[in-house]
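We will go from the whole chain down to single residues.

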Amino acid sequence: MSLFIASLNSGSNANCYYIGNRTEAILVDAGLSCRETERRMKQLNLSMKMVRALFISHEHSDHITGLPGLVKKYQLPVFITPDTLVNCNLPLDRELTRSFKHAKPVHIGSISVTPFKKSHDAADPYSFMVSGNSVNIGIITDIGYACKRVLKYFSQCHAAFLESNYCEDMLMNGNYPYPLKKRISGDEGHLSNNQALDLFINYRSANLQLLILSHLSKNNNKPELVKKLFNPHAGSTQIVIASRYEASPVFEVSFAANNKQIQAQNLRKGKNNNREKNQTQLSLF
Ligand SMILES: [Zn+2]
Ligand SMILES: [Zn+2]
């Protein structure tokens, strides 16, 4: 009764998130090159053979750069809306592209993916909730603010990749030109640390076991700052910061039906940790 999740990279340089069960998986966004996606998955003992589909949230380059390479090599179906596809302007085999609609779940084997519209300055942008084995995972980045759809889906999540893009003080006092500051902090820009914290404090489910804070700005944020902000409010939720430079560990998010308790398990941290290594081998294919 688990899903396995990892960030392969997260930030304005590249985004790619893995969500799978024991036999099938999807990738949300394809911002890393095909080769780098493969390399990072191998590091985590994850196999591209398990990946059945790619889902694209919007056309910004940090979400699509690796898409043509992945599609060409693996001939995977790409779930992408027509407006996003047009604005991607990439050479994709149209026979492999599939559309999706707001709030209409797409089934990939026993995994279901519910797209929901988000507020961001792209043609037709979506967040996703991925469900399987009684577990819901949110992929909620690149949002200007937490609209009512975000509140609805985030509050159902057992784990979530949630944007915590910028520190308001760092952005306002930094050297970005004013129009860019306005764009980032606007309703179609990115979610600040305080906005993410507000969402976490007020709308998390009692079952939210893992929060992976994602898409941190290089120039207007610091991982330590985010940790310091969230840790006092963590309660029973494990807080993790997704890196702009490397993959996260694989986390097992499970629903224990007998006692209604949820457990997040970090399956792989260091090569020298035999117990964790064994768990990885046992749990992952
Ligand atoms: Zn982005
Ligand atoms: Zn974006």
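The tour below starts with the overall fold and then moves through the core, some helices and a few loops.

**Before you click**

This is a predicted model, in which local features need pLDDT of at least 70 and side-chain atom pairs count only at pLDDT 80 or more, while totals for chains, interfaces and linings use all residues. Residues are numbered from 1 along each chain as its sequence is written, and chains are lettered from A and ligands numbered from 1 in the order in which they are written.

**Stop 1: the whole chain**

Select everything. The C-alpha trace spans about 50 × 50 × 35 Å along its principal axes. Its radius of gyration, taken over C-alpha atoms, is 18 Å; a compact globule of 285 residues would have one near 19 Å, so the two agree. The globule rule behind that value is 2.2 Å times the number of residues to the power 0.38.

Colour by secondary structure and you will find 10 helices and 15 strands. These are DSSP runs, with H or I over at least four residues for helices and E over at least two for strands, numbered from the N terminus.

Buried residues make up 48% of the 285. Here a residue is buried if 20 or more other C-beta atoms lie within 10 Å of its own, exposed if 12 or fewer, and partly exposed in between, with C-beta atoms placed from the backbone. Two residues are in contact if those C-beta atoms lie within 7 Å. Among contacts between residues at least 6 apart in sequence, 63% join residues at least 24 apart.

**Stop 2: the nonpolar core**

Now select I5, I19, I26, L54, I137, A160 and L213, the residues with the most contacts inside the largest nonpolar core, which has 74 residues. Strand β1 (residues 2–9) gives the largest share of this core, 5 residues. A nonpolar core is a set of buried Ala, Val, Leu, Ile, Met, Phe, Trp, Tyr and Cys residues joined through C-beta atoms within 7 Å. In soluble globular proteins, nonpolar side chains tend to be buried together.

Zoom in on L54. Not counting residues up to four places away in sequence, L54 touches L27, A30, L67, L70, L76, V78 and F79.

**Stop 3: helix α1**

Select residues 34–43. In this helix, α1, the buried residues are T37, E38, R40 and M41. Their cover includes β1, β2 (16–20) and α3 (67–74). Just after α1, look for N45, which takes a positive phi of about 60°.

**Stop 4: helices α8 and α9**

Next, select 193–203 for α8, where N193, Q195, A196, L199 and F200 are buried. These pack against α5 (148–154), β11 (159–163), β12 (210–214) and α9 (223–230).

How are α8 and α9 placed relative to each other? They pack at an angle of about 30°, with their axes 11 Å apart. That makes α8 roughly parallel to α9, a term for angles under 35 degrees. The axes are lines fitted to C-alpha atoms over the stretch in contact, and angles run from 0 to 180 degrees between N-to-C directions. To see the meeting point, show N193, L197 and F200 of α8 with V226, L229 and F230 of α9.

**Stop 5: helix α5**

Pick R149, found in helix α5. R149 is partly exposed because 18 other C-beta atoms lie within 10 Å. Beyond its neighbours within four places in sequence, R149 is in contact with F116 and K117.

**Stop 6**

- Select A103, in the loop between β6 (97–98) and β7 (106–108). Leaving aside neighbours within four places in sequence, A103 is in contact with T114 and F116.
- Select N133, in the loop between β9 (126–132) and β10 (135–140). N133 has a positive phi of about 50° although it is not a glycine, and with 14 C-beta neighbours inside 10 Å it counts as partly exposed.
- Select D142, in the loop between β10 and α5. D142 also has a positive phi, of about 55°, but with 28 C-beta neighbours inside 10 Å it counts as buried.
- Select N220, in the loop between β12 and α9. N220 is buried, with 23 other C-beta atoms within 10 Å. Outside four places in sequence, N220 is in contact with Y166, C167, M170, L171 and G174.

Definitions and conventions
Parallel < 35°, antiparallel > 145°, perpendicular 65-115°, else oblique.
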